[in-house]
Structures are given as structure tokens and as C-alpha cells.
Amino acid sequence: MDLSHEDTLRLNVLMANDIEAIRIDENRLIVYGLNGDKESRAPLSPNCRNDQYLKKVRAFLSGHVLGSPGGYPIFMRRWTRMGQARDSHLADLLKLGEPEAVIAVASAAGLTNDLARRAWWIDPVSDNARRMLQSGDVVKGSMGSVLVQHLVEHLPFETEAHAIIETVKLILLSGLASEQQKQQIWNKGQHRRAYHIGFLAAAPDALLEVKPARHDFGEQQTTLQALPDNAIAALLLRLLDGPGQTFLAAAESVLRRPTDQDEVIALLGASSHYCRSAHLTEDKEQDIRKILQQCAAMVAEARGEALAAVCQAVPGLHAEIRALIALAGCDEAVVTPIFTRTDAVGSVMRKKLQPVTDPVLEQFAILRGLKP
């Protein structure tokens, strides 16, 4: 059974108006078309079950747009979410009335500000906002502030840690949030650590509860600055200074009371990335004891020109040098053996993680000058 004659006529008229995007209201059974800032609508009159009829509507749209009545190809759904949709087809995908096609466009590397405007008209949800804010063209365009404002307003309703962390990161990286909005988001981290993790990942040197430089920063500053083009010296100086001490204090606070695995993984990722210029240990080592042993051996033997120069310049900071090298190597890999055996959260998870978190917290304390 085909579409009713009335609907075929309505949809043909709709598509003849140079429509830029199509949205289907499945509850009210209305097809909407976008043309600039104007909307057209075509009410549907099903002649069979609603779900079956909507499939026929989408087949009609696909035949009109793509020349094939097969609808949005099933096999494409596996890879278009990964941003691999062909740029030349992005505009057409927004005329199919398919939610997955909108996701494909929102995730595409070739997404433009204008395509984002159309996709947002079709499906204005936070997942799509996050996808589209990964495009530099969108962030710089008129849609950037629209998407950021949506995420700020809907952030309190996010419940999953990974969604909160990713949302905060994108809001900060966009540079489109006001200082007041950033302060409000930071304040929420007093009750949910995931908010602070987003700051640690996106703005590690611009956190909002500023700590002073370490007591011996002035004493070590001249010596470390005298080592030009030395990444380890620069990182050590950064960690001794106020922004570094602020980062360490915030990271320690989060790691003491994470609520789920996503928070732990994201925190370790942010900490490792902060210290990445000192990543001298073997890649993806899962045993934190081996990482600490490797770091101790490296510093004791002063392996490498950069490390040797720093060890010689500041012999009293060997413990700090070991700590920053260790933090660079402590990423998701060190908790993988634990998380593959348990899905615990809260206090049970924290207890199981102590063999990893206790040594990491010790490295934070060393760099903060809190451990003799």
C-alpha cells in the first residue's frame, strides 16, 4: 500500500519549495520543512499503522532526495556516527527525516555552521550539541553560542559522569561561556566532582579556586628557568607555581572521593596529559609499582640529557622529578586491571582502587610539598 493521495500531494508540494531540512513529528504525524527561517508543514493521514506509514514517508523522502526509496542505508549507521559521512552528501542527509542521519551530519568532519543550524532545527538535543561543538567552524559561527547556551542550561539535568565531563570541557574550550557561567559550573563541582574534572581537562591552568605557588617556588625559579628548551624543567616549574599547585590540589580532591569509573578514568587522563612532557616510562604500563620503580631508576641514573640536566640543577627536588614522571605514566591503563574485574561504584570502588590511588595521591602530595 502506498501513501495516501493527499499525503503524496502534500509532500510533493513541500519538497518543491527548496527545503533545506526535514523534521518528522512522529507523535502528531506532521512533516515539517525548513527553508531559511520559514517552516512549512504537511500533516499526514495514515492509511495503515503509524509506524508502517512513517517508514513509507521516509522511503518517499529518500526517493525524492537520494533517488532511492530504500531510506537511510542501515549499514551506514555503523560508521556515520564516527564522523565519516561524505561531506558532499551532508545536506541531503538532513532531508530524509532520519534521526541517525542527523547524528551523521552532527558528527561529520565537514560540518559547517549552516549545516549545524539545520541539524539543530531538526533535533536540538544535548548529544548533538556536543557533537557539533567539536567543529571549529561551528564554534566560530553563529551556532556556537546557541549550542553552548543550551548545554549550560541543560547541564544540571545530566546524570552520567562522562556526559557532565564532556559537556564542561566543550563549554570551556569553546570560549563562549561568561565568567559568571563558568563560576556557576565550578560551584556545582562542590557536590559532583565530575564538573571539576571537566575543568581539569579543558582549563588546567585556569581553575577558579587559586592556590599560591609552593613555598620554595621563588628559590627554584631562577635555576629552572636557566635550563632553556628543557621540557622537564618547564613542567617542574609549572607544577611549583600557583596554577600547578591549584591543579594538583583539585586533582587530589577529586581522586579522594570519585563516584564512578568514568570519573577515575577521566581524572587520571587529565593528570597524565598535564604531565605529558615528562612521559618517559614505557607506554601503557598497567602496574603502578613498575611505573614507580622505573621512575626511581631513571632519576637515579639521570637517563637522558634533559633529565640529567634537571637532576643536576636541583638535587633537592629528585622526589618531585620522580613524581611528575610517574604521573605522566599513570593514565587509564593503571586502573584497567581493576575495572575489568569489577563494576563497583562509590565507596566499594574507592576501596578496590586504593592500590592505585594511594600511590597517585602520594605523588600529588610530594609535588605540593606536603610529604617530607
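Predicted model: local features only at pLDDT ≥ 70, side-chain atom pairs only at ≥ 80, totals over all residues.
**Exercise 1. Describe the surroundings of A21.**

Step 1. A21 is found in strand β1 (residues 21-25).
Step 2. With a relative accessible area of 0%, A21 is buried.
Step 3. Not counting residues up to four places away in sequence, A21 touches Y32, G33, L34, L94, K95, R118, W121 and I122.
Step 4. One of these residues, Y32, also has R23 over the face of its ring, at 4.9 Å from the ring centre.
Step 5. For a distance across the model, take G144: its C-alpha atom is separated by 19 Å from that of A21, and the two residues are 123 residues apart along the chain.

**Exercise 2. Work out how helices α6 and α9 are oriented and which residues make their contact.**

Step 1. Helix α6 covers residues 113-122 and helix α9 residues 142-154.
Step 2. The two helices pack at an angle of about 40°, and their axes are 8 Å apart.
Step 3. Angles under 35 degrees count as roughly parallel and those from 65 to 115 as roughly perpendicular; α6 and α9 are therefore oblique to each other.
Step 4. On the α6 side the contact is made by N113, A116, R117 and W120, and on the α9 side by S142, M143, G144, V146, L147 and H150.
Step 5. Sorted by class, this contact has five nonpolar, four polar and one charged residues.

**Exercise 3. Repeat the analysis for helices α18 and α19.**

Step 1. Helix α18 (residues 305-313) packs against helix α19 (residues 318-329) at an angle of about 150°, with axes 9 Å apart.
Step 2. Angles over 145 degrees count as roughly antiparallel, so α18 is roughly antiparallel to α19.
Step 3. L307, V310 and C311 of α18 meet H318, I321 and I325 of α19.
Step 4. By class, the contact has five nonpolar residues, one polar residue and no charged residues.

**Exercise 4. How many aromatic pairs does the structure hold, and how is each arranged?**

Step 1. The structure holds two aromatic pairs.
Step 2. W186 and F199 form an edge-to-face pair, 5.1 Å centre to centre with 85° between the planes.
Step 3. W186 lies in helix α11 (residues 179-188) and F199 in helix α12 (residues 194-202), so this pair ties together parts that are 13 residues apart in sequence.
Step 4. W186 is buried at a relative accessible area of 2%, and F199 is buried at 1%.
Step 5. F247 and Y274 form a stacked pair, 4.0 Å centre to centre with 10° between the planes.
Step 6. F247 lies in helix α15 (residues 242-256) and Y274 in helix α16 (residues 261-274), so the pair ties together parts that are 27 residues apart in sequence.
Step 7. F247 and Y274 are both buried.
Step 8. The ring of Y274 also has the charged end of R238 over it, 3.8 Å from its centre.

**Exercise 5. How many of the residues of α12 are buried, and what do they pack against?**

Step 1. The buried residues are A194, Y195, H196, I197, G198, F199, L200 and A202.
Step 2. These buried residues pack against α10 (161-174), α11, α15 and α16.
Step 3. H196, in helix α12, is buried with a relative accessible area of 5%.
Step 4. Leaving aside neighbours within four places in sequence, H196 is in contact with W186, G189, Q190 and V254.

Conventions: Residues numbered from 1 in each chain as written. Heavy atoms only, no water. Axes fitted to C-alpha atoms, helices over the stretch in contact; angles between N-to-C directions. Helix = DSSP H or I, 4+ residues; strand = E, 2+ residues; numbered from the N terminus. Contact = heavy atoms within 4.5 Å. Nonpolar A, V, L, I, M, F, W, Y, C, P; charged D, E, K, R; others polar. Phe/Tyr/Trp six-rings, centres within 6.5 Å; stacked < 30°, edge-to-face > 60°. Buried < 20%, exposed > 50% of the residue type's maximum accessible area, 1.4 Å probe, protein only. Lys NZ or Arg CZ within 6 Å of the ring centre and 35° of its normal.
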